[in-house]
Amino acid sequence: MAIASSSSSLISTFFFHSSSFSRSIITKSKSLHFHSPSHSISHPTLFLLHPPPPQTPLTKTQPLSLPNLCIPKTCLDSLFIFCTSIALSFTLFISNPDSASAFVVTTPRKLQTDELATVRLFQENTPSVVYITNLAVKQDAFTLDVLEVPQGSGSGFVWDKDGHIVTNYHVIRGASDLRVTLADQSTYDAKVVGFDQDKDVAVLRVDAPKEKLRPIPVGVSADLLVGQKVYAIGNPFGLDHTLTTGVISGLRREISSAATGRPIQDVIQTDAAINPGNSGGPLLDSSGSLIGINTAIYSPSGASSGVGFSIPVDTVNGIVDQLVKFGKVTRPILGIKFAPDQSVEQLGVSGVLVLDAPATGPAGKAGLQSTKRDAYGRLILGDIITSVNGKKVTNGSDLYRILDQCEVGEKVIVEVLRGDHKEKIPVVLEPKADES
């Protein structure tokens with residue numbers, strides 16, 4: 001509350017309400033209080049530190065005895081109020097405005113301990129979160145001019161001082177150009193360093209001054225617990241730097257990559273609100289450390305339904321290191337195409353049915369057989385993979401999970417069901433053809 005009116009308005013207010021003030025004086029008090037009526041201009045409560053000396057008590061029936069003069073008590077009260085008003089107005093007029101702060105009473109905003117921690121976490125980590133715009137080149141149907149128009153947006157975060165930005169692959173997929181907006185609203189063109197479609201991770205690079213880049217603190221996801229608090233910062237629906245909070249609802253979930261359908265293991269499930277535009281943004285623990293990348297939601301409507309998924313930071317760490325160093329992720333493959341899991345279940349068997357094993361691929365070189373038709377058009381099933389290195393394989397996800405734990409050039413023992421008998425075949429794993 002501050003003194004908003006000038007000295008002239010104070011004088012007019014005191015004149016207008018002098019009669020009402022006379023009724024509010026409490027003669028037994030050591031200080032004098034002035035209260036403006038509720039319908040008038042609001043003034044601060046003022047305290048008169050040195051009240052006038054007490055006067056002889058008067059009653060309404062006892063006039064003051066002066067020569068040839070009889071003055072009622074009410075007239076003296078009005079005169080006293082008038083003089084006090086003039087003195088107070090004059091004091092406010094000649095005094096320094098800064099000294100009026102002594103009359104101002106402000107109530108500081110009181111926050112609980114957990115609220116202060118949340119505010120501090122947001123303020124410290126917001127500079128690390130960026131806004132990514134996906135631009136596509138399109139041709140105008142009438143003028144045939146080539147235009148660059150936004151086709152999507154998402155979030156990301158600063159990985160290091162060298163300008164590397166980490167986000168989801170599906171945020172940048174199909175882009176002809178990319179623009180990154182930092183927390184201070186400065187915008188830079190971004191180049192793609194590399195991406196991993198299977199794990200939905202991409203790394204960009206911007207040529208921004210190092211003083212504008214604040215890398216996000218990287219944590220650990222191996223020791224997370226269900227129920228601990230998490231915080232998501234992103235740009236949902238284009239609203240930059242939005243904070244949502246929640247808890248870890250589940251661990252070791254599995255989702256499929258939007259680009260390749262390959263499973264992503266050990267995914268974090270959270271009920272923190274994640275909406276379109278949050279993709280690629282960080283998921284933080286209560287200390288402000290990165291524990292995951294927000295990547296997907298489970299929702300029939302496309303909006304947040306309280307079931308969001310984040311790629312764990314332990315998975316992201318290894319991928320980003322390879323992308324920064326080599327521009328690609330070297331992941332081993334068997335070099336086969338296999339049938340959908342539902343088709344194998346209909347056959348009444350458990351495993352992965354090999355549809356095609358090219359002769360130039362690892363499995364083809366090792367002698368795995370593909371599914372084919374005979375001269376009469378009858379279907380001859382290929383090998384059914386039942387285990388790799390002694391680990392049981394019941395579906396495609398199991399096979400991918402085992403291969404993710406292997407390295408390029410490693411020899412693995414693949415057990416297959418061929419006809420009515422089982423065989424063990426050694427296979428040397430190779431990298432993807434487009435990564436070699």
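Helices here are DSSP runs of H or I with at least four residues, strands are runs of E with at least two, and both are numbered from the N terminus. By that rule, Gly364 sits in helix α8, residues 362-366. This is a predicted model, so to speak, in which local features need pLDDT of at least 70, side-chain atom pairs count only at pLDDT 80 or more, and totals for chains, interfaces and linings use all residues. Residues are numbered from 1 along each chain as its sequence is written, and side-chain values use heavy atoms, with hydrogens and water left out.

Back to Gly364: its C-alpha atom is 8.0 Å from that of Ile336, and the two are 28 residues apart along the chain. Contact means heavy atoms within 4.5 Å. Setting aside neighbours within four places in sequence, Gly364 is in contact with Ala357, Pro358 and Ala359.

Most residues other than glycine have a negative phi.

| Residue | Phi | Place |

Asp200 is buried, at 5% relative accessible area; buried means under 20%, exposed over 50% and partly exposed in between, using a 1.4 Å probe and protein chains only.

Asp200 also turns up among the contacts of Asn168, along with others including Ala202, Ser279, Gly280 and Ile311. Asn168 lies in the loop between β5 (164-167) and α5 (169-172) and is buried too, with 0% relative accessibility. Its side chain makes a polar contact of 3.4 Å with the side chain of Thr295. A polar contact is a pair of N or O atoms within 3.5 Å; within protein, one must be able to donate a hydrogen and the other to accept it, and residues adjacent in sequence count only if both atoms are side-chain atoms.

On to the rings. A search of the whole structure finds three aromatic pairs. In one of them, the ring centres of Phe157 and Trp159 are 6.5 Å apart and the planes are at 40 degrees, so the pair is tilted. Rings of Phe, Tyr and Trp (its six-membered ring) pair if their centres lie within 6.5 Å, and planes under 30 degrees apart count as stacked, over 60 as edge-to-face and the rest as tilted. Both Phe157 and Trp159 are buried.

Phe82, by contrast, is partly exposed at 37% relative accessibility, and its place is in helix α3, residues 73-94.
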